[in-house]
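The sequence and structure come first.

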Amino acid sequence: MKEKINIVWFKRDLRLSDHQPLKNAFSNGLPTLLLYNFEPLLLEDAHYNERHWRFVYQSIVELNNQLARFNACVYIFNLNMNDLLESIKTQLEIVNIFSHQEIGLNNTFERDKAIKAWCQHNHINWQESQTGAVIRGKKNRNNWNERWQQTMQAPIAVPNWKSIKTITLNNYQAPELPSAYTQDHDSFQQGGPLHARTVMQSFFAERGKGYQKGISSPSLSQTHCSRLSPYLAWGNISLRQVYQMTIDEYHSKHPDKRGWKRPLAAFVSRLHWHCHFMQKFESECSMEFLALNPGYHVFPYRDDERVKNDIERWAQGQTGIPIIDACMRCLKATGYINFRMRAMLVSFVTHHLNISWQQASFPL
């Protein structure tokens, strides 16, 4: 008889704290298999490249360092998700799969619908937990602000690590990932929950005091913005954890630490925007493919023979326009520019070069 197990499927939630799927799996009582899958579907997606997968790999290495004391690890794979689950099912009886909803691209939504059908066919319970305050597939944002506040103020989801039951996969062999994924790069922020907390603590200790004044500056933002974006994007830390620590900092700053209240209030508003625009994308997901303004569906963008060359010069920071080139070269070298400069780079393509946004690809 096959051993009955739970699976926790890590996606954009690469942390061990404030993790509802882990909490649900451990409280269930069955042995739990922790896994992350470098899916070909995503490795081949133009939205990602080696910088993203290096960050993910670094995050998993850190998780496994923390899990070692529980004699546990996150197993990594490189298969289509359906094929991976079928393979596991030949060895073990999958009773439950726990994961967070993955917010974002249409291809992951289609994959998840296929996995849901597979689970139903195989009588497997797949329990998805909400990602932050974003509701996947919600068609409007009615009463959403109230829901956001409730979610951010709710207690942190703490897994009971004393109840963890681990399993060992027989004949497991880790996939051979490209060296670009597994070798560190000093020019970029490093992935992992510990790095996320270090960056957050430095923001609240000193850097954040210049947040409100520095957020729009191409140079000042590199220091005074939180620099938490990649850690939130890949779930090294939850938005709720950041929000609650910000509120604690807001109320605990002593009178002798003047100048902190307004920057922290501004930062809280940006945390709200973070979820707001993710929810907007969920509610109007056609914007992945079509302009929100239907007038641009037939807009006369250029299609001449110079378009490809102009995009290449833009992507390499060789347009001849200093601020455009400086921002693009900074992005290429460090992986970072602030949000206003990102908007400017895309606006330059669409408004000045008159090239459709679908053809504009950042040099990731």
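## Salt bridges

The side chains of D112 and R111 form a salt bridge, with N and O 2.8 Å apart. A salt bridge here is a side-chain nitrogen of Lys or Arg within 4 Å of a carboxyl oxygen of Asp or Glu. The pair belongs to one network, in which salt bridges with shared partners join K11, R12, E39, E102, R111, D112 and R136. By this rule the count is 13 salt bridges.

The model is predicted: local features need pLDDT of at least 70, side-chain atom pairs count only at pLDDT 80 or more, and totals for chains, interfaces and linings use all residues. Residues are numbered from 1 along each chain as its sequence is written, and side-chain values use heavy atoms, with hydrogens and water left out.

A salt bridge also connects D18 and R240, at 2.8 Å from N to O. This pair links distant parts of the chain, 222 residues apart: D18 lies in the loop between β1 and α1, and R240 in helix α12 (residues 239–252). Helices (H or I, at least four residues) and strands (E, at least two) are DSSP runs, numbered from the N terminus. In the salt bridge of E110 with K113, the closest N and O atoms are 3.0 Å apart. E110 and K113 are three residues apart in helix α5 (residues 106–121), so about one helical turn separates them.

The table gives the relative accessibility of these partners. Buried means under 20% relative accessible area, exposed over 50%, and partly exposed in between (1.4 Å probe, protein chains only).

| Residue | Relative accessibility | Class |
|---|---|---|
| D112 | 5% | buried |
| R111 | 8% | buried |
| D18 | 4% | buried |
| R240 | 16% | buried |
| E110 | 38% | partly exposed |
| K113 | 41% | partly exposed |

Strand β2 (residues 32–37) is largely enclosed by the rest of the structure, because six of its six residues are buried. Both faces are covered, with T32, L34 and Y36 buried on one side and L33, L35 and N37 buried on the other.

Two strands pair if DSSP finds at least two bridges between them. β2 pairs with strand β1 (residues 4–10) in the parallel sense over five bridges, and W9 stands opposite L35. From β1 the chain crosses through helix α1 (residues 20–28) to β2 in a right-handed β-α-β crossover. Right-handed means that, with the strands pointing away from the viewer, the path from the first strand over the helix to the second runs clockwise.

β2 also runs parallel to strand β3 (residues 74–77), joined by four bridges. There the bridge partner of L35 is Y75.

## Nonpolar cores

A nonpolar core is a set of buried Ala, Val, Leu, Ile, Met, Phe, Trp, Tyr and Cys residues joined through side-chain atoms within 4.5 Å. The largest has 57 residues, of which F10, Y36, W53 and W148 touch the most other members. Beyond its neighbours within four places in sequence, F10 is in contact (heavy atoms within 4.5 Å) with residues including L34, L35, Y36, L63 and V74. A second, separate core of 21 residues includes Y75, M81, I94 and C119.

## Cysteines

The structure has zero disulfides, a disulfide being a pair of cysteine sulfur atoms within 2.5 Å. For C275, the nearest cysteine sulfur is that of C285, 18 Å away. C275 is buried at 2% relative accessibility, whereas C285 is partly exposed at 44%.
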